[in-house]
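The sequence and structure come first.

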Protein chains: 4
Amino acid sequence: MIAEQTLTEQYYRVRLHSEAICRGLETEDYVVQPVADVSPPKWHLGHTTWFWETFVLKPNVPGYRIFHDDFSYVFNSYYETVGKRVLRTDRGNLSRPTVAGVYAYRAYVDEQMSRFLDTAELSPDLHALILLGLNHEQQHQELLITDIKYILGHNPLLPAIEMPFQEHQSQLPSPDAVLAEGIYTIGYHSPDSQTGGSFYFDNEVGSHKVYLNKTTLNGNLVTNEAYLAFVESGGYQNFRHWLSDGWAWVKANDIQAPLYWHRIDGAWWQYTLDGLRPVDLNAPVCHVSHYEADAYARWTGQRLPTELEWEAAAPQLNWGARWEWTNSAYLPYPGFVTAEGAVGEYNGKFMSGQMVLRGASVATPEGHSRATYRNFFQPDKRWQYTGIRVVKN
Amino acid sequence: MIAEQTLTEQYYRVRLHSEAICRGLETEDYVVQPVADVSPPKWHLGHTTWFWETFVLKPNVPGYRIFHDDFSYVFNSYYETVGKRVLRTDRGNLSRPTVAGVYAYRAYVDEQMSRFLDTAELSPDLHALILLGLNHEQQHQELLITDIKYILGHNPLLPAIEMPFQEHQSQLPSPDAVLAEGIYTIGYHSPDSQTGGSFYFDNEVGSHKVYLNKTTLNGNLVTNEAYLAFVESGGYQNFRHWLSDGWAWVKANDIQAPLYWHRIDGAWWQYTLDGLRPVDLNAPVCHVSHYEADAYARWTGQRLPTELEWEAAAPQLNWGARWEWTNSAYLPYPGFVTAEGAVGEYNGKFMSGQMVLRGASVATPEGHSRATYRNFFQPDKRWQYTGIRVVKN
Amino acid sequence: MIAEQTLTEQYYRVRLHSEAICRGLETEDYVVQPVADVSPPKWHLGHTTWFWETFVLKPNVPGYRIFHDDFSYVFNSYYETVGKRVLRTDRGNLSRPTVAGVYAYRAYVDEQMSRFLDTAELSPDLHALILLGLNHEQQHQELLITDIKYILGHNPLLPAIEMPFQEHQSQLPSPDAVLAEGIYTIGYHSPDSQTGGSFYFDNEVGSHKVYLNKTTLNGNLVTNEAYLAFVESGGYQNFRHWLSDGWAWVKANDIQAPLYWHRIDGAWWQYTLDGLRPVDLNAPVCHVSHYEADAYARWTGQRLPTELEWEAAAPQLNWGARWEWTNSAYLPYPGFVTAEGAVGEYNGKFMSGQMVLRGASVATPEGHSRATYRNFFQPDKRWQYTGIRVVKN
Amino acid sequence: MIAEQTLTEQYYRVRLHSEAICRGLETEDYVVQPVADVSPPKWHLGHTTWFWETFVLKPNVPGYRIFHDDFSYVFNSYYETVGKRVLRTDRGNLSRPTVAGVYAYRAYVDEQMSRFLDTAELSPDLHALILLGLNHEQQHQELLITDIKYILGHNPLLPAIEMPFQEHQSQLPSPDAVLAEGIYTIGYHSPDSQTGGSFYFDNEVGSHKVYLNKTTLNGNLVTNEAYLAFVESGGYQNFRHWLSDGWAWVKANDIQAPLYWHRIDGAWWQYTLDGLRPVDLNAPVCHVSHYEADAYARWTGQRLPTELEWEAAAPQLNWGARWEWTNSAYLPYPGFVTAEGAVGEYNGKFMSGQMVLRGASVATPEGHSRATYRNFFQPDKRWQYTGIRVVKN
């Protein structure tokens, strides 16, 4: 049971971490949106703040005055509930509100939240909502990092930036994980009430049995060295290794290597948060799409694990360096029900066209990972810290 | 064990059925391609013939003379193995070869095949290849029907056409199918050799155990009447019922009802092979996408079955009128291995971005359906004879 | 003054020429539309017939029964006046009405027209309208030829076809045309009434004075040999020769040579109505866009003539083999007024974004050319019989 | 004859004006690019500076050290001469160089230029180049203003901004300008050397004779009140008023009124540099495309002037409030020759697909307008201060 006192502390720790991630940014870095997937950092800072204002303060603090009428329009990602507006616009076109304005918004909401958390009797529902808000902001923290990396890594000056985590981590050899054939229990096992255990998302709850065949998951992630062998063997030029959609993606986008890799005078370099560096052969490969992960695995005569295999093997695995692509589509667990209201829009509606990633990455906030966590992206996405673990066929 | 004699008979029966489907066409109907998904009928007739010439006759008949040098280019759907050509083109732009030319091609290949089947000692591999060719042509027969329906159903004259099957079928009430919780065996159980049993595709083989929860599948398909209630309730105007991708599809394409439905002076009509008819309220709804099937199910507070549930319940179901959308992504069974060579390209490379349909439809050729059959299409496709069966949550 | 008798004769001559152009087609060739600019031949045959039915027969023959209710929808190119329809469609998707149906439509309308022309007292306005209809059909005759060439020339079988004209014509050397500085009169000089002279379009009428500088137009069109030198010199690889829009067009479409040219084993071939032939070095270059004409002229240090220079020089020129790109935008002459009604939509609304071509081509119907004729196309179009004449700067 | 001393002064005056335009901006406003036509303000500031460094300092100052290696890539608009680069990017994605970095670049180049102008003996060519640079920067000053207006006017907060000019100007009634039929001389008359007169662009030089018909140009620009009548009469809903391309533009972009007009609760408002204001009925209409100008003129039974008529009438006109759309395509004057080198790319290559605008606007820098000036934009563009003057047909 987490005391209210602790919740305030948690609130501040999470809120400050969002700002710590941005500490090294120039004002200009907060504003741009190079591609649709990447949101401007100031949008993340505003959107996470809008969540607290809209779902916690407005309905629960009598007489609460919202910070600015237009901000709910600017920082709302739940577009469907927004009515018609005079102007349609994209996040990356918005020079206003300014970065200073967004930080003022954060300060205002933080003060209101602090007062509210100190004085309110939190019902279990409200407690759960606040935990959801904290986890929501943590999700945006990882996106903040990957979006900032994308913005700087696509700038011709390739600037370096300080971040509150260590991007580079070496991988110690780990033994393979062997699964015996049989029945396994999968999914987050929810105790009586949401407050009685750790936080979980609606998509991972519903503990249920599955039957798995005998399988061996590789104890180590695929390294840059191993992946480079695929690149150098002409892997991106031979359609036989690729899913049909994957090959179309390679062709349409002229893909030649993982994101952030550059071939310069015959050598391979990669953009990192420390700037351009030679590709580190021993590090686990990063920034690959599901298509690339699948093609690599086929090329080696192996395959990707399913998310069920991954979760069953998790206790044997040394995970956390890369989000690991599985070959499971993101679909509901048995008994999944979409919650009512705006929060109910959270996860269920994305259960189409996406693949599950399991584990966590170097950029995942502390306390935001667990073996039942289901991350998901479209199979062509690769600006997250994604990697590959193979299964012997 | 199927005797060689029988194989020749099977060959003729399948080949003639392709031509029977086209008997009502005007020459012009063979040529057009209104959208990328829909191939011109003459292409189907040529492509299935090209299969026999390329994979059976050419490698196995000494001194075989191919019918026309350019036909392998025109009728090849396996584009990746084709080298650079002077001209790139689309199927729907090709006025030549003419329809008469395609029928001459068929006649030539049929005669060669007949001679070959009569005289050759067929190895088990060759026997299996011929069965694959027959099933390949049967798959194209259903596409021939749905493509012809699309071509005529998008012509402002809305012409009727005779077909060798009954499109309209009434549905008798059937009891629900109840699955108890426990372990089920899924997938085609392959006997010792391919020739020792009935035909199967590589994607359905590999019998394996799965663990299923207690579930009840509706004994009847969703009717037009039930679906109309969804339409009239504003189902296509409310994002809450839809997957995120589905809602984007509805908006981008201004979808208002199933394909072939037209609202005329306040009443609903549907284009059928007999021309424009009032919507038959008792018939199972047809020509819906996975997005629509899913939205309908949500609207009723139910869901679509998984393909595993469907297969486990199949013995209790009265299936065969509509391909039934499941909520399973098209992914490999445990132990799936892609075969070598051009035939190996058959199914595996499409295991991304598609949803599984189970059962069969009124347009499926006789002998081409079984409970383990895995059909698959992208979730927005709806020109096939697709329908909806719901599961109580 | 043209007698009514003669008008009937003219009518039949023009109508039969449209059908003569199509004599060598297979049924399938009438149906396809490989790109938006190219209409299916059966559409041209139907649309020109629809013109007679809609503008002449319907308003002037009491009790006239139209051939088919839906044909005015299918064969109407004046889309703006058409109301909402159940089905939107493209010309190239329409397998029905069949080719036989279109010829039946022509026969019906021809019979009605014949009866009408034989018996009616034609007012001057009606006389003028019939002349417009004949010239309208003649314009479509040249499009029929170029569209058929496009359809066959983009078919991998590259079939030859008989046509009622000689595509290949050699060019005899002609002297340059010198214009002295001064005032010239440009435009069709309309006599008192439309029936009092030859036919003219609204865009060429309005004889007016212009002041021209001293200029010398080359007496000969640019040959394939001369143009080949531009190609071989890397003309398509060097942006300096190109207009900004032209260079973007070259890049976006990977343009390397005139339309229908193919480099095969190091030699240049061109598709002609007789099939694939080596490029004829002495013939005037054909099927080039305005961008290419302009780039070629720049590369030689010369320029294209304006349409005013061309018309002033026309008496000195040997023209008629190629439509000659000028460097004049298609804009109204002084005093141009758009006519009322549907016929008024004829030319004026296209006076934006197009360049003027002068002269005529080998495919222009007899009697359909004059020195004041203003043809026009967007600068990237090149499926017409277009060529280049340069002016010394 | 302008003394070197004066040139330094001119240089400073122009350079400071660019910065004065930006004085009211927030840092974030410098960065965004809402549409391709609109460049980020910091790009304009950097690009104009790059011009001085690249064309004046680098070739003429021995030992000149360029400010930053990558800036020539980032701020170069002459893309064709740039070789292959590791990263392709768009102007609006670039958060770096920062705004402070761009101002430091300006300061560095200004100091170098000041030293150079104080000490160098300027050849006539160099003198002409510096005049070109000043006029180039003045062109970007007007773009800076219109781009800033676009950025703020498409932000949902609709912020106001101070600018060093008065956007709003009332229009005093002026008499019509009557042109008699006859010969007029058009174009900038260049004296012996470029330094001997005022500056001119290559596209306006080449004084030549034209013959014009009798014409009367309206003495006043079309007002908002008059244009509003067109809007309210359903002008945007009736294809008959529009050029074919214009109507397609209206439909594809759902155009309903001039840019920056908003209908709010039944009243018309417009975004101005002072924020949202009711439409000023007496002011000349602004921010209309050529398509809209042409449609309005047709609706009144009048037409737009040609650029030749405009220039001939200029002495009688009260011009300078709006860039006035003419119905002349942007094409070369007789004798136009593209200059050699990078500067030669200046104007000639844009002579395709654009329409000429004459006059100047409230946003045009002082000293940057003359009666022979030829401005040009594609006919759909309307973010400049464009207006309408009609001619009686």
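In this predicted model, 36 residues of chain A are in contact with 36 residues of chain B. The area buried between chain A and chain B is about 2600 Å², and carbon and sulfur atoms give 54% of that. Zero salt bridges are counted between chain A and chain B. Residue pairs in polar contact number two, both residues of a pair being at pLDDT 80 or more.

Several elements of chain A each supply at least two residues to the side that touches chain B: β3 (208-212), α7 (244-253), α8 (290-299) and β8 (323-329). β3(A) gives the most, with four residues. By class, this side of chain A has 17 nonpolar, 12 polar and seven charged residues.

The chain is divided into domain 1 (7-153) and domain 2 (177-392). Their C-alpha centres lie 27 Å apart. Domain 1 of chain A brings 25 residues to the contact, and domain 2 of chain A brings 27 residues.

The two interfaces are tabulated here.

| Interface | Buried area | Share from carbon and sulfur |
|---|---|---|
| Chain A and chain B | about 2600 Å² | 54% |
| Domain 1 of chain A and domain 2 of chain A | about 2500 Å² | 65% |

Across the domain interface there is one salt bridge. D37(A) forms a salt bridge with K381(A), with the closest N and O atoms 3.7 Å apart. On the side of domain 1 of chain A that touches domain 2 of chain A, helix α5 (residues 124-153) of chain A makes the largest share, 20 residues. That side of domain 1 of chain A has 12 nonpolar, nine polar and four charged residues.

Note on methods. Residues are numbered from 1 along each chain as its sequence is written. Chains are lettered from A and ligands numbered from 1 in the order in which they are written. This is a predicted model: local features need pLDDT of at least 70, side-chain atom pairs count only at pLDDT 80 or more; totals for chains, interfaces and linings use all residues. Side-chain values use heavy atoms; hydrogens and water are left out. Domain bounds come from an automatic or database domain assignment. Contact means heavy atoms within 4.5 Å. Buried area is the accessible area (1.4 Å probe) that two parts lose on being put together, summed over both. A salt bridge is a side-chain nitrogen of Lys or Arg within 4 Å of a carboxyl oxygen of Asp or Glu. Ala, Val, Leu, Ile, Met, Phe, Trp, Tyr, Cys and Pro count as nonpolar, Asp, Glu, Lys and Arg as charged, and the others, Gly among them, as polar. A polar contact is a pair of N or O atoms within 3.5 Å; within protein, one must be able to donate a hydrogen and the other to accept it, and residues adjacent in sequence count only if both atoms are side-chain atoms.
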